[in-house]
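I opened a new notebook page for this protein. My plan is to go from the overall fold to single side chains.

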Amino acid sequence: MPTLLRYDVAIAGGAIMGSAVACFLKQLAPACTVAVVEPDDTYEFASTVRASGGARRLFSCPENIEMSNFSITYIGALPDA
């Protein structure tokens, strides 16, 4: 019988959103165990790199504008792989 792995949190999808959630969750709760489930271990076909959209600031709600501004700055500060 296979050994069951147990995690506090499982994240479905490891593209930019899933990876960011895992990163921020570990920063907020370092003892929390997190599993990111991404079927493509190369991330070549993950949704972020396949999307034709981009980061944008086309929102009228102040909360959405703030989230967009944060994400654009955060993504821009990531090192090139």
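Accessible area here comes from the Shrake-Rupley method with a 1.4 Å probe. With that in hand, I looked up the surface. The protein exposes about 6700 Å², and carbon and sulfur atoms supply 62% of it. I note that this is a predicted model.

Next, the fold. I found three helices and two strands. From the N terminus on, they run β-α-β-α-α. I then checked burial: 15% of the 81 residues are buried. I also looked at contacts between residues at least 6 apart in sequence. Of these, 48% join residues at least 24 apart.

Then I turned to helix α1, residues 16–28. Within α1, I found G18, A20 and A22 buried. The buried residues of α1 pack against β1 (9–12) and β2 (34–37).

Last, the aromatic rings. My search of the whole structure gave three aromatic pairs. One of them is F24 with Y74, a tilted pair at 5.1 Å centre to centre and 40° between the planes. F24 lies in α1 and Y74 in α3 (residues 62–77), so this pair ties together parts 50 residues apart in sequence. F70 and Y74 also pair, and they are stacked: 5.9 Å centre to centre, 20° between the planes. Being four residues apart in α3, F70 and Y74 are separated by about one helical turn.

F24 is partly exposed at 28% relative accessible area. Y74 is partly exposed at 25%, and F70 is partly exposed at 47%.

Technical notes. Residues numbered from 1 in each chain as written. Predicted model: local features only at pLDDT ≥ 70, side-chain atom pairs only at ≥ 80, totals over all residues. Heavy atoms only, no water. Buried < 20%, exposed > 50% of the residue type's maximum accessible area, 1.4 Å probe, protein only. Contact = heavy atoms within 4.5 Å. Phe/Tyr/Trp six-rings, centres within 6.5 Å; stacked < 30°, edge-to-face > 60°.
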